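Please open the model in your viewer and keep the selection tool at hand. The tour goes from one selection to the next and says what is found at each stop.

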Amino acid sequence: MAECVNYNKCSYFVENLKNSPNTASMVQNSYCRGKFEQCARFIIFEKLGETRVPPDLSPSDKQRAEKILQGG
Ligand code: SF4
């Protein structure tokens with residue numbers, strides 16, 4: 001299965017889930033090694049670049065990603 005191209009530079013797990021390895025593993029299997037095109041962080045990486053991805057943006061928070069894309 002394909003892996004997200006941002007995997008090695010994505011800080012989400014180190015910043016937010018370093019004490020929750022089980023949750024991190026679930027999210028990685030679901031998004032990073034699965035439906036990464038639907039990850040809120042992936043969307044911002046692709047459209048605005050790495051520097052615009054908030055450290056705490058959850059992969060499932062597409063609503064927030066939309067707001068960021070709209071300039072919010
Ligand atoms: S959290 Fe999203 S952007 Fe980060 S590696 Fe996983 S799929 Fe890619």
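Predicted model: local features only at pLDDT ≥ 70, side-chain atom pairs only at ≥ 80, totals over all residues.

Begin by selecting Thr-23, which counts as partly exposed because its relative accessibility is 38%; buried here means under 20% relative accessible area, exposed means over 50%, and partly exposed lies in between, with a 1.4 Å probe and protein chains only. Thr-23 is found in helix 2, where helices (H or I, at least four residues) and strands (E, at least two) are DSSP runs, numbered from the N terminus.

Residues are numbered from 1 along each chain as its sequence is written, and side-chain values use heavy atoms, with hydrogens and water left out.

**The ligand and its shell**

Which residues surround the ligand? They are Cys-4, Tyr-7, Cys-10, Phe-13, Tyr-31, Cys-32, Phe-36, Cys-39, Arg-41, Phe-42, Phe-45 and Pro-59. Coloured by class, this shell around the ligand has eleven nonpolar residues, no polar ones and one charged residue; Ala, Val, Leu, Ile, Met, Phe, Trp, Tyr, Cys and Pro count as nonpolar, Asp, Glu, Lys and Arg as charged, and the others, Gly among them, as polar. Helix 2 (21–32) and helix 3 (40–48) each supply at least two residues of the shell, and helix 3 gives the most, with three residues.

**The cavity**

A cavity is a set of points, on a 1 Å grid over the protein atoms alone, where a 1.4 Å probe fits but cannot get out, and its lining residues have an atom within 4 Å of a point. A search of the whole structure finds one cavity of 30 Å³ or more, and the largest cavity has a volume of about 90 Å³, a volume being the space filled by probe spheres set on the points, which are joined across faces, edges and corners. Of the 14 residues that line the largest cavity, Cys-4, Cys-10, Cys-32, Cys-39 and Arg-41 are the closest to its centre. Helix 1 (12–16), helix 2 and helix 3 are the elements that give two or more residues to this lining, and helix 3 gives the most, with three. By class, the lining has twelve nonpolar, one polar and one charged residues.

**Along helix 3**

Select helix 3, in which Ala-40, Arg-41, Phe-42, Ile-43, Ile-44 and Phe-45 are buried. The buried residues of helix 3 pack against helix 1 and helix 4 (62–69), with contact taken as heavy atoms within 4.5 Å. Stop at Arg-41, which counts as buried because its relative accessible area is 2%. Leaving aside neighbours within four places in sequence, Arg-41 is in contact with Cys-10, Ser-11, Tyr-12, Val-53, Pro-54, Pro-55, Asp-56, Leu-57, Ser-58 and Pro-59. Past the end of the helix, select Gly-49, which follows helix 3 and has a positive phi, near 100 degrees.

Not counting residues up to four places away in sequence, Gln-38 touches Tyr-31, Ile-43, Pro-59 and Lys-62.

**Last stop**

Finish at Asn-6, in the segment before helix 1, where the relative accessible area is 4% and the residue is therefore buried. With residues up to four places away in sequence not counted, Asn-6 touches Phe-42 and Phe-45.

Key:
Near = heavy atom within 4 Å. 1 Å grid on protein atoms, 1.4 Å probe; cavity = no way out; pocket = protein on both sides within 12 Å on 5 of 7 lines; lining within 4 Å.
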